[in-house]
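Reader: Could you pick one part of this and walk me through it closely? I'd rather have one connected story than a list.

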Amino acid sequence: MKLYEMTLAELQALLAKGEVTAREVTEAFVRRVEEVEGAIHALVTFTPELALSQAEEIDRRRRAGEPLSPLAGLPAVIKDNIVTQGIRTTCSSRILENFVPPYDATVVEKLKKAGLVLLGKANLDEFAMGSSVENSAFFKTLNPWDLSRVPGGSSGGSAAAMAAGEAAYTLGSDTGGSVRQPAALCGVVGMKPTYGRVSRYGLVAFASSLDQIGPITRDVRDNALVLGAIAGHDPRDSTAAPLEVPDYTTFLDGDIRGLRIGLPREYLAAGIEAPVRQAVEEAIRLLSDLGAEVEECSLPHTEYALSAYYIIAPAEASSNLARYDGVRYGLRVAGDDLISTYGQTRRQGFGAEVKRRVMLGTYALSSGYYDAYYLKAQKVRTLIRQDFDRALARYDVLLTPTTPTTAFKVGEKVDDPLTMYMSDVCTVPINLAGVPALSIPGGFHQGLPIGIQFIGRPFAEGLLYRVAYAFEQSTAFHKQRPPL
Amino acid sequence: MEYETVIGLEVHVELKTRSKVFCSCSTTFGAEPNTQVCPVCLGLPGVLPVLNEKAVEYAIKAALALNCQIAEYSKFDRKNYFYPDMPKNYQISQYDLPLATGGYVEIEVNGEKKRIRIKRLHLEEDTGKLLHSADVAAAESSLVDFNRAGVPLIEIVSEPDIRSPEEAKLYLTKLKSIIEYTGVSDVKMQEGSLRCDANVSIRPRGSSEFGTRTEIKNMNSFRAVQRGLEYEVERQKKVVEAGGKVVQETRHWDENRGITVPLRSKEEAHDYRYFPEPDLVPLVISRERVEEIRSQLPELPDARKARLMASYNLPAYDAEVLTSSKALGDFFDATVALFPEAKTVSNWMMSELMKYLNANNLEIQEIPLTPKDLADLLKLIDQGTISGKIAKTVFEEMCATGEPPEKIVREKGLIQITDEGAIAQVVAEVIAANPQSVADYRAGKEKALTFLVGQVMKATRGKANPEAVNRILREKLRS
């Protein structure tokens, strides 16, 4: 097996035994990027020299006998809406095309302490708004399983990089499904943690009450390792929970006997493609065989989630993106006066989908409409949250498809925003409720990956890893690699 | 037609916490531009605000001093608008659930006490500062300094209870004094730590409905506030008397021309699209915390004034001057503790001390004079060691150098001459040297005596006891 095909845990074992150096591992991934990047275009910025020098430093410290974290020396790719000091962070937008941050996101600081080797910054839908990376201002990223199809979004660059073996692990961000949906379409594991589990300091804000950073990895164990490294309280984020971070790998014991799994019927309604439905049904059978009790349940307000999301998220985004005005940093297109400078800068700097959402959000917050839209959507959100609380009081986890379809073709939905929004129907309610959810490979159809989603109680990521691991170890989906 | 003036004031006060309200940058006034900034207060991509607990404490303190109710639950909201001094193009403020409501300030108008009610007090962040290369309209370019962006402000909104520009000035003066006493702000209009905007309208006397109001901005001193309001009231009266209607708009006070000019019309009024700030958790304030902060409040101006009048039998005017700043009142109390003749202390502070401070544009806490020094000086006068006149010179030296009075008196040889023999000697010399004045006095001219006294004082370089000089001269001249 090639080094770039291995999991974190496998690579870590080799490093610990001294069978391979971090530099050698990094070189393998650098070569892999050079081999496949021309086909998938997952990276906005590729930093091989930096990665190699960081790897060498880890090797030096290992030789000196210093204690090292399990992630040390293993190359990572980080979504380009997570700020990295001294390294261009663009959010795949023209308005930040040359923005070099003077500071690191908290998750980057934590990973640096754990021995980060940064291989590059991954492409995304501009400002994380989209489900296919077709909204990137720079270029499209393609699905390694089928280069005529999208990798999903907005963390499509991270998911594609992971699937193609361009990194040992990646980070994405998830506001309405942006980690889980691309993970599903690319056949990898993606976790959206509980809101507040991971610090948002340094994550360029899209929708402040919905955003979370999450790992996209080869398998469940790897995901547990990475989450453990990035989670935790941060005094710089007032919404980060002051709760201890458990060692998530201790949940990987494969025992799910007696686990109560709920199947919200609203998630298997019309619109879910037959192969996806089938994968979920087979998952139910397998989980039952492993000793879990699977039962249908209901989350009655599910049908309102997408609408509520597409009011709340754009509203918050319209405010969060107001700072991109050409005054302090980023693109400036000077006009004759202040207003025209604002106007030209944002007109040229933002893409169509971003503009669409800024306008939607501004409208939803405006005088005379706030009550009918934003306030109402937040009330609906409470009902959705209560649905989850009730269901998760009866069941330990919930099981749903991650997406209604497998990867769609490039260009298929990009001209119809509403159809594109429907890709998120299984993922969006989770962000509104703030609960954690994990997407893992659940099957294939005509060579395209299918993802299944486990949803848990707040801060119960460990339990999600437990059930996902048990499922994963009884299947071989996670062992397959794209024919790239 | 008689008109009644209706005024409400919106006052912004900068809190003097060491760091900004949502980040740990310094708030020190006067630093080089853009040296007290960080990613958070610059609104860089990815940053988040974290609330400064001290700012909340200071805001509560000010609110309690203004007799407000402190909300058990309040929250922050985003006020969205675009302007180059706004790093995020939204200001984190408080909208519908402010920190405090329902307070008042008491003023005295024509001998009568009147309460100006305070509608609300809330916490928010300040913007940066713009420097234009010319006046706003004509400038080719502007520079932005973000040192001030993120400094904590409290906004204090009064009810429209104020009925004249004079009352507005009294309200502002009292408000400033109260807040200065709490120690949460320097409240200096000239430094921008106290800012005032006004809402002004008129209505026929006796009417209970409010007229259309205008908002007046850019009044940057107490005098400007009074002049601006006086102008605007007259302007509105003229409009109405000419048969027109007052337009609801924001007007800018032009200090140089002494007029208000329209700035923003109703059509361009901002829709701030307020919504709850998702990056901050709601503010929950326990009643215990409120009482703890209340217990830390010092004696406030009105209470101190009443105490001074009652304990020391001081007239209202004296008490008013002495309590105009907390430091001045503290100084008075400390001096009286060492020299119990309160009226004497009061006279000295109100005359000589205020004269020195005003002449040098200083506050009492900025000079090295101590209460002990003043008390000692007054004792020296009391004992007759120096004359009152000499004491004034000594006092000025004390204010400038901080040296104790005994030292100054000794070094400058200013001890009063009380020795009758010595005085008699000088008197004799002066009489001999001024025969015409002597003759004039004996002829009945009192003025000649004053001249002769002056000559004796001159000869003794002011040190002779004036009472003794007078007596001895008269004696000698009689004979």
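Author: Let's start with a pair of residues: Cys196(B) sits opposite Met219(B), which belongs to strand 12 of chain B. A quick word on what you're looking at: this is a predicted model, where local features need pLDDT of at least 70 and side-chain atom pairs count only at pLDDT 80 or more, while totals for chains, interfaces and linings use all residues. Residues are numbered from 1 along each chain as its sequence is written, and chains are lettered from A and ligands numbered from 1 in the order in which they are written.

Back to that pair. Strand 11 (residues 194-204) and strand 12 (residues 214-219) of chain B run antiparallel and are joined by four bridges. Two strands count as paired if DSSP finds at least two bridges between them. The strands and helices themselves are DSSP runs numbered from the N terminus, with at least two residues (E) for a strand and at least four (H or I) for a helix.

Strand 12 of chain B also pairs with strand 13 (residues 249-254) of chain B, this time in the parallel sense, over three bridges.

Strand 4 (residues 77-80) of chain B is held to strand 5 by four bridges, and Lys79(B) has Gln91(B) as its bridge partner in strand 5.

Now the helices. The axes of helix 2 (residues 53-65) and helix 5 (residues 287-295) of chain B come within 9 Å and cross at roughly 70°. These axes are lines fitted to C-alpha atoms over the stretch in contact, with angles from 0 to 180 degrees between N-to-C directions. The two helices are therefore roughly perpendicular, on a scale where under 35 degrees is roughly parallel, over 145 roughly antiparallel, 65 to 115 roughly perpendicular and the rest oblique. Glu57(B), Ile60(B), Lys61(B) and Leu64(B) from helix 2 meet Val290(B), Ile293(B) and Arg294(B) from helix 5, where contact means C-beta atoms, placed from the backbone, within 7 Å. By class that gives four nonpolar, no polar and three charged residues. Ala, Val, Leu, Ile, Met, Phe, Trp, Tyr, Cys and Pro count as nonpolar, Asp, Glu, Lys and Arg as charged, and the others, Gly among them, as polar.

Finally, chain B meets its partner: 24 of its residues are in contact with 35 residues of chain A. Helix 1 (39-42) and strand 4 of chain B each supply at least two residues of that side, which has 15 nonpolar, four polar and five charged residues.

Note on methods. Contact = placed C-beta atoms within 7 Å.
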